[in-house]
Amino acid sequence: MRAVSILVAFAIVCVVVAAVTAARHADEMALATERQLLSRALQSYGERMQREVEAVASTEAAYRKIRLDLDLDWMQFYVGQRLHSYFGHHFVFVMDASAQILIAALGDRRADPGWFNSVRGDLDLALGQLRAPIAESSGNALASAGPHTTAHGITSLQSFLGRPAILAAVAVTNRGDGKSIEASQAPAVIAIKMIDGDVLSEIAAQLHLRNLRESSSGRLAPDEHIFPLINQQGDQIATLTWTPNRPGAEIISSVVPSIAVTLGSFALLAAMVLAYMRHTAATIASGETRLRHLAMHDYLCELPNRVSFSERLEATITHVREGGLPAAVLCIDLDHFKDVNDTLGHPVGDELIRAVAQRLISTSSKTDLVARIGGDEFALIASGESDHTALLNGANRLINAICAPYLIGNHTIVIGASIGIAVINTRTTGSSDIMRHADMALYRAKNEGRNRACVYDSAMDSDLVKRKQIETDLRLAIERNELKLVYQPIVNNSGETIIGVEALCRWTHPVHGEVPPSEFVPIAELSGMITDLGEWVLRRACIDGDAWPDIIVAVNVSPLQFRRADFVDAVERIVTETGFDPTRLELEVTESTLLGNVDSAELAMFRLKALGVRLALDDFGTGYSSLLYLRRFPFDKLKIDRTFVHSIERAADAAAIVHAVVSLGRGLGMKVTAEGVETAEQHLFLRAAGIHSMQGYRFGRPGPAADISKRLALPDSFRISDDIVPLTRAG
Ligand code: C2E
Ligand code: MG
Ligand code: MG
């Protein structure tokens, strides 16, 4: 752009310089012509004077009156006075052959020749030239005004009485008989005209020279030109000045306005083009900035995206390795975000992401970098912190901020979050490693019950390997039908009658032995195998349950399984295929199934109810259930989580909660089942509290279907033992 400006300026300067140079050249040519014309004009003036003098001096009468009669009056009248009055000659001298002044006419007066003794030199010079041989005299003539010599006369530019003058001298040689005498022996008439204002005005008018004058003071106007008058001896006798015509300057001044307008328009056009180019360049630059911003930021919440997060992470790792302050990466994963998107629509989901981003920013420190690195994944680089406790405290603050309810549109939304933390230290090899560590810690946090934070430790590496192996093995086990179902009795409040069973899945790993469902169910959920697993469990339970026509068969349903759009169809298909009575089927869902998913969960539930299927809310009291949920969903049963049951004897508030849940269930028309009943005291308390049914080791551990068949066939085969020893894991 600078180059274009320079080019345009250069072009303008070239045009101006060319115009000025051309004008100056034209002016110089014009001046040279004027000088030449002035020289010629002076010469012509002399020639004209000479012709005027010849007119009176070359007559036969003149020869007679001057040479023979010496008639001074005649000379005064016919020569002096005539030349003055007809032609304006200022001085006229008639000289005899011996160069004596016969008469000296000063204007129309006759003057004493003696007056002119002081200027005899000037006259003698002219006379000498007149009488010299022609070849010699031709060299001594008018100098700068141009010499002119004829056989009978000469003209000369010279000083007279100290002033510049033109002198014309003519020899009186015409004898009248057709012969002439030698000029050297002839009298002569010399006429002089001072170069005064009149002479100069005449020449000026003739040549169109402005202000032609004689400059004696030497002071000149700035635009005047000097023309020295040089006599034949080469001396300067005067200086003429005039204001030369300047055609170039005139042309310039006449075309200047249009040139100025043209150049102005050109400059304006160039300026406009430059401005446009500058504007375009600025637009492109801002577009580039915007593109870079877009490339580096999340379009939805404006947080830095994965690309800029990775850049910053690499820089942080390098910084730490070079001895800078320690740092940590926190990977934050939202729970149930997908449900919000699926059920409330993407605009609400988008709004939720923005709200989460805001909360993360306001909860984290200003030096931290918060980024969105995936759909519901955020990450944070905490600079200057490596202490595990401090990192966990910070992560818990983030979780609390994220878990607080959101009000978006008319919806109150509750989501959860898990955080995996990996510390960057001098041994950190690269960003992929640190992200893998943070992911492992995140997985652990989710596995430990969600809404938690976990810091990576090296033991997790082997956990991960094991988990991957288990995942592969589980897939094989499902394919090979190696999973088993066990059933745990659900009894009435006296504990004597089995009113139902809960199907619980069991997997005996060929190497690791029994893998608890709390371990393999999340793996199945994360790897997507849960649908197959769930359908297998449901089908198996329906087949086995067919043998127990009077009791309820409860089957656990994973949230991920329940939220599938085809879940109800799958249930309908399986009960139809197996011929199981749907009114004896009870599906147990946990509270997390309902989170963020309210409308579609409600619809699925009503469709299940329409099939006749019963619904139970499992592990009640451990999640987020609100009374609103309970009222809204058509649950038939609440299952009080075993942690409350176990606390009954130790914590008064747990007992109070059990009481409250029982009356709540009654109020909402739901049955209440207590899980994990192990002792006679718990049994007694729950019975007194008005619980409808119970489940726990006190009434039977989970066992094969044959055990249930046997107990149903022979109710007395099982005896409640009061000294039962609680086991930590179902067997
Ligand atoms: P849940 O549905 O609450 O099942 C009850 C759990 O409590 C079972 O653990 C059972 O063995 C255990 N339990 C029963 N009585 C007592 C007792 O008196 N004391 C103690 N300490 N525990 C008792 P289990 O079989 O390990 O299952 C754990 C969880 O795994 C289940 O909790 C359920 O949420 C899940 N699960 C089990 N099978 C399946 C399945 O087929 N599908 C799905 N989605 N989840 C399953
Ligand atoms: Mg259950
Ligand atoms: Mg339970």
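Is Glu302 buried, partly exposed or exposed, and what is its relative accessibility? Glu302 counts as partly exposed, at 42% relative accessibility. Here buried means under 20% relative accessible area, exposed over 50%, and partly exposed in between (1.4 Å probe, protein chains only).

The model is predicted: local features need pLDDT of at least 70, side-chain atom pairs count only at pLDDT 80 or more, and totals for chains, interfaces and linings use all residues. Residues are numbered from 1 along each chain as its sequence is written, chains are lettered from A and ligands numbered from 1 in the order in which they are written, and side-chain values use heavy atoms, with hydrogens and water left out.

The domain assignment gives domain 1 (36–242), domain 2 (297–457) and domain 3 (484–708). These bounds come from an automatic or database domain assignment. The C-alpha centres of domain 1 and domain 2 are 118 Å apart.

Two loop residues have positive phi values. Glu302 is not a glycine, yet its phi is near 70°. Glu302 sits in the loop between helix H7 (247–296) and helix H8 (306–321). Helices (H or I, at least four residues) and strands (E, at least two) are DSSP runs, numbered from the N terminus. Asn481, also not a glycine, has a positive phi of about 60°. Its place is the loop between helix H13 (459–479) and strand E18 (484–492). Asn481 is partly exposed, with a relative accessible area of 48%.

The metal sites come next. Donors are N, O and S atoms within 2.8 Å of the metal (3.2 Å for Na, K and Ca); water is not among the atoms, so sites may look incomplete. Glu502 lies in strand E19 (residues 498–509) and Asp618 in strand E23 (residues 614–620). The two residues are 116 residues apart and link distant parts of the chain. Glu502 is buried, with a relative accessible area of 4%. Asp618 is buried at 5% relative accessibility.

Asp618 bridges the magnesium ion (ligand 3) and the magnesium ion (ligand 2), which lie 3.9 Å apart. Asp619 is partly exposed, at 23% relative accessibility.

Glu52, in helix H1 (residues 2–57), is buried at 9% relative accessibility. Its side chain makes a polar contact of 2.5 Å with the side chain of His89. Leaving aside neighbours within four places in sequence, Glu52 is in contact (heavy atoms within 4.5 Å) with Leu83, Phe87 and His89. Glu535 is found in helix H15 (residues 530–545). The side chains of Glu535 and Arg573 are joined by a polar contact of 3.0 Å. Residues up to four places away not counted, Glu535 touches Gln561, Ala570, Arg573 and Ile574.

The structure holds 13 aromatic pairs. Rings of Phe, Tyr and Trp (its six-membered ring) pair if their centres lie within 6.5 Å; planes under 30 degrees apart count as stacked, over 60 as edge-to-face and the rest as tilted. Phe77 and Tyr78 form an edge-to-face pair, 4.9 Å centre to centre with 85° between the planes. Phe77 is partly exposed at 43% relative accessibility, and Tyr78 is partly exposed at 31%. Phe93 and Phe116 also pair edge-to-face, at 4.8 Å and 85°. Phe93 lies in strand E1 (residues 91–95), and Phe116 in the loop between strand E3 (109–111) and helix H4 (120–131). Both Phe93 and Phe116 are buried. Phe91, Phe93, Phe116 and Phe160 form one aromatic cluster.

Two arginines sit over rings. A charge sits over a ring if NZ of Lys or CZ of Arg is within 6 Å of the ring centre and within 35 degrees of the ring normal. Arg701 has its charged end over the ring of Tyr697, 4.2 Å from the centre. Arg711 lies over the face of Phe718, 3.6 Å from the ring centre.

Conventions:
Polar contact = N/O pair within 3.5 Å; in protein donor to acceptor, adjacent residues only side chain to side chain.
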